[in-house]
Each structure stands twice: as C-alpha cells, then as structure tokens.
Amino acid sequence: MDWQQINAMLNAAERILLTSHENPDGDGLGSAVAMYHHLRGEGKDCRIINCSPIPQEYDFLNHDGIIEMYTADEHDKWLQDCDLAIIFDVGDFKRLRGIKTAIESFNIDTMNIDHHPHLDDHPFTINIVDTQVAATGVLVYEYLKMYRQEPLSKDICAGIYTAIMTDTGSFRFSNTDAKCHEIAMECLEVGVETSKIYQRVYETKPQSSVRLLARVIDNVTFENDGELAWFMIDQNMLVAAEASSKDVDGFTDFVRTIKGVEVAVMVFENGSDVCRINFRSKGKYVINDIAKHFGGGGHKFAAGAVIKGNKETIVPQVISETKASLERQAA
C-alpha cells in the first residue's frame, strides 16, 4: 500500500467529493464521515454526496446535515470544480449510479478505498484495495494514524467504529481480527459511546420491518439437508406489511443464524422487472462466485447481485445455481 502517494494526492487536492455505493451501509458511511472530519480539519473543501438517501439507523452520523443526496441541479456546479473523488466501499463503480455519471462527465480523478475485490482493469485513478481487512474503515484508520498530525477526534472515531462494527456484525463475523478490537479500544478511549451506536444501528427496527420479517419467517425454504435456506420478498409482501425496500436490511443475516443453515439467500423483488439477491455464508461455503455468475460480487461469505427479470424466472435460476455450487464444494 503506497500511503505516501495517497497522502500526496490528498494534499494536492483542494475540493474533494466523498461518496459511497447506492443504499449505503455503515462501512461506507462511517468511512466517509471519518475522512470528512479529517479533511475539514485540514482546511479542505469537501462534501459527502451519495446517490441514495442515508438509512435512518445511521442518521446519528449526519451531524449538521453533512451527508447529502445527489441531485444534478444542486450539486453539479460544485462537482465540476472538484479535484478528487474519494470512493469508499463501492465494490463496483456502477454502484455509484448518478454520481458515477457526474464524475466521468467532469473528468474528476478518483481514489477508490475498499476491501472488496476489484478487476485489474478498474476505472480508478488510484485503487486502494485490501481484501484482508475487515472493513474499509480499517484502511481509513491506517491512513489517518500514519499521516494525521493531531490525535483522532471523537467524530472521526465514531465513523471508524461504525464502519468496523457493522461490517463485522458487531465483532461476531469470521472477518473480526485483533486489529478490529484494537481500533475499537482506541475509539472507546476517546469517548465514542459504542453502546449507543449499537442501539441506533441494531435496536431501532421500525414496526414495518418486524411485520415483514414475520412473513419472511413463514416462507423460508430449506434445501440441501437444511444447509441452504432461502426466501423471497415480493411487492405483495411489502404492501401487506406496509413496508418498503428499506425494511429488508439484515434479513439474510437473520436467516443465516438458524441452526444447521450454512448459506442464506434472499431474492427481493425490487421492482417490476428487477430482483436484488443477497448471499450470506457462515464460512463452510464460498458464495461470491455465485454472485459473480449473476453479474454481482462481494466477499467470500457475503455477496450480492442485481438481476433483470421477474421473480418467476429469477428464483429457480438463483436457487439452482446456489445448490449446484454447494454440492460442488461439498464433493
């Protein structure tokens, strides 16, 4: 990792866009917030602008409305004079949606900071990827510890802690290592209220999400001797539960916790002709190759894809391919 080159690029930039993938999660948002507070302290003109609204459970990071949602009318005038776009946790450049178009249109240099694997022919000016770290927030922490002159502030640490806590499933997933706990200790020492962050992220489920989860539990299907559990959420289920697409987060992780289940799959009908697929594994089976088969990607044990087509066509294809992959790996 050439942190010296990265630091030089940051020092040379005056106006900097910070952004993450559509439907941003705690790692992308926390990383961006940590870097925002650092760069503002360095006197940089920077803004966090995402292509999707901030999920309600992460609103505690949005002090003074620092996390914005992109619209061309509101942001393009500012973006056209940007020196650099720092992209966190994106996995795939396409997941920036309208932000990607603006970056390309205004020919903005890009710095990708991520822990997802990327193809060698990536479009970024500089690509900072380490698939061995638990979260993108770890990479942000490493950079700041190396080049920030001042101690890490409470606001910076709150972002980093949120990034690591969420991508390790509150320090219980297999990607949790000693480094994660060391960083968490430092965050505690500067006063980050870790229990409050946990409560905001994991203990503020709206009633609509609980109603929808009840319908999911009633419709989980078990295959491959119970090692595979899958479920589908369609628009009718959303209507019946008075829920929205925001309410499905965490469902695949929940189904994975069932005794005997090694892989959980969600097929979510996200529109009239689009399905979002989530794959989660406890570690016995690698599932990102299945996601890649359908044009997606991710980590070995947590991955996803978006597929064009209706649920009647997509569900048999996804489950058939998943079963075949598990059977190949078990052979």
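Modeller: A residue is called buried when its relative accessible area is under 20%, and exposed when that area is over 50%. The model is predicted.

Biologist: Is Cys180 buried or exposed?

Modeller: The cut-off for buried is under 20% relative accessible area. Cys180 has 1% relative accessibility, so Cys180 counts as buried.

Biologist: How many disulfides are there?

Modeller: A disulfide needs two cysteine sulfur atoms within 2.5 Å. For Cys82 the closest cysteine sulfur is that of Cys46, 9.7 Å away, so a bond is ruled out. For Cys180 the closest is in Cys187, at 11 Å, which is also too far for a bond. By this rule the number of disulfides is zero.

Biologist: Which residues touch the most other members of the largest nonpolar core?

Modeller: Nonpolar side chains tend to be buried together in soluble globular proteins. The largest nonpolar core here holds 53 residues. Another core lies apart from it, with 22 residues that include Trp230, Phe294, Ile314 and Leu326. In the largest core, the residues that touch the most other members are Leu10, Ile16, Leu18, Met35, Ile86, Met111 and Ile160.

Biologist: Which residues is Ile160 in contact with, leaving aside its neighbours within four places in sequence?

Modeller: Contact requires heavy atoms within 4.5 Å. With those sequence neighbours left aside, the partners of Ile160 are Gly30, Ala34, Gly137, Tyr141, Leu144, Leu152 and Ile183.

Biologist: Which are the edge strands of the open sheet of six strands?

Modeller: The strand order is β7-β8-β9-β10-β12-β11, with mixed pairing. An edge strand pairs on one side only, and that applies to β7 (221-223) and β11 (297-298).

Biologist: What is the bridge partner of Ala229 in β9?

Modeller: Strand β8 covers residues 228-233 and strand β9 covers residues 263-271. The two pair in the parallel sense over six bridges. In β9, Ala229 has as its partner Ala264.

Biologist: At what angle to β9 does helix α13 run?

Modeller: Helix α13 spans residues 311-330 and lies across β7, β8, β9, β10 and β12. Angles are taken between N-to-C directions, from 0 to 180 degrees. Relative to β9, the angle of α13 is about 160 degrees.

Biologist: What is the phi of Arg97, and where does the residue lie?

Modeller: Arg97 sits in the loop between β4 (84-88) and α4 (98-105). Arg97 is partly exposed, at a relative accessible area of 43%. Although Arg97 is not a glycine, its phi is positive, at about 50 degrees.

Notes:
Residues numbered from 1 in each chain as written. Predicted model: local features only at pLDDT ≥ 70, side-chain atom pairs only at ≥ 80, totals over all residues. Heavy atoms only, no water. Core = buried A, V, L, I, M, F, W, Y, C linked by side-chain atoms within 4.5 Å. Buried < 20%, exposed > 50% of the residue type's maximum accessible area, 1.4 Å probe, protein only. Pairing = 2+ DSSP bridges. Helix = DSSP H or I, 4+ residues; strand = E, 2+ residues; numbered from the N terminus.
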